[in-house]
Amino acid sequence: MKAVILLSGGLDSSTVLYQAKADGCECYAISFNYQQRHSKELHSAFMVAKAAGVVQHQVVNFDLRQWGGSALTDNKIDLPAGRSLDEMADNIPVTYVPARNTIFLSFALGYAEAIAAQRVYIGVNALDYSGYPDCRPDYIEAMQQVFQLGTKQGREGQPIEIITPLIDLKKTEIIQLGNQLGVPWEITWSCYAGGDSACGVCDSCQLRLAAFAALGLEDPIDYV
């Protein structure tokens with residue numbers, strides 16, 4: 001079975017890639033250079049894809065800085081830092097990139113249908129303060145309808161299935177799953193800020209660090 005996996009190089013998407021491998025899929029990774037704040041995560045995506053032995057790794061280039069609207073695509077918007085977990089849960093964060101997962105899934109769908117894949121894996125997660133509207137179950141259900149109605153494959157009765165292994169897992173449970181699957185955490189990257197070492201204070205770093213700590217584990221990547 002062929003599967004396209006959205007791979008950012010982060011903790012979640014790397015776990016999903018290894019889950020797709022464990023599911024017996026022939027894995028095709030797709031990553032995106034959308035002129036995000038840094039390219040460090042793409043470097044991690046390359047390394048994770050290589051470590052997992054994917055059949056092919058595509059990188060799609062486009063520029064969301066044309067529109068901005070997010071701390072990840074507009075340097076005039078400051079990254080949130082030092083927020084408590086409760087603060088993160090309050091509202092949709094400024095690191096939300098307008099319609100990003102819809103854009104990503106559209107590229108993944110085109111890639112999947114072109115290679116006659118049966119599945120698209122995405123590491124969305126609705127728990128642990130994610131706050132993102134395009135990471136929620138109702139959104140994925142709606143996109144599944146798009147996959148069915150908007151493709152030849154779907155109209156012919158063989159719709160490409162969106163697989164979301166992490167959607168109901170806490171961050172600690174994702175790490176536990178990744179440990180079982182052998183995910184190489186040391187080459188993953190979650191920090192929003194970029195740099196040689198992770199900042200340790202952005203929302204993504206804090207969630208990651210808190211989860212490793214809750215499990216009594218040490219995160220193997222370098223922090224400032």
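1. Ala99 is located in the loop that runs between helix H3 (85-88) and H4, where helices (H or I, at least four residues) and strands (E, at least two) are DSSP runs, numbered from the N terminus. The phi of Ala99 is positive, near 60°, in a residue other than glycine, and Ala99 counts as partly exposed at 34% relative accessibility; buried means under 20% relative accessible area, exposed over 50% and partly exposed in between (1.4 Å probe, protein chains only).

2. On provenance, this is a predicted model, in which local features need pLDDT of at least 70 and side-chain atom pairs count only at pLDDT 80 or more, while totals for chains, interfaces and linings use all residues. Residues are numbered from 1 along each chain as its sequence is written, and side-chain values use heavy atoms, with hydrogens and water left out.

3. Gln35, in the loop between strand E2 (26-33) and helix H2 (40-52), also has a positive phi, of about 65°, although it is not a glycine. Its relative accessible area is 35%, so Gln35 is partly exposed. Most residues other than glycine have a negative phi.

4. The end C-alpha atoms of helix H5 (residues 137-149) are 19 Å apart, which agrees with the 18 Å that its 13 residues should span at 1.5 Å a residue, the expected span being 1.5 Å times one less than the number of residues.

5. Which residues of H5 are buried? They are Tyr139, Ile140, Met143 and Phe147, and seen down the axis of H5 they fall within an arc of 95°, so they line one face of the helix; the arc is that of the directions from the helix axis to the C-beta atoms. Asp138 and Glu141, on the other side of H5, are exposed.

6. The count of aromatic pairs comes to nine, taking rings of Phe, Tyr and Trp (its six-membered ring) as paired if their centres lie within 6.5 Å, with planes under 30 degrees apart stacked, over 60 edge-to-face and the rest tilted. The rings of Tyr28 and Tyr111 have centres 6.3 Å apart and planes at 85°, so this pair is edge-to-face. Tyr28 lies in strand E2 and Tyr111 in helix H4, so the pair ties together parts 83 residues apart in sequence.

7. Tyr34 is buried, with a relative accessible area of 2%, and Phe62 is buried at 18%. Ring pairs link both into a cluster with Phe32, Phe104 and Phe107.
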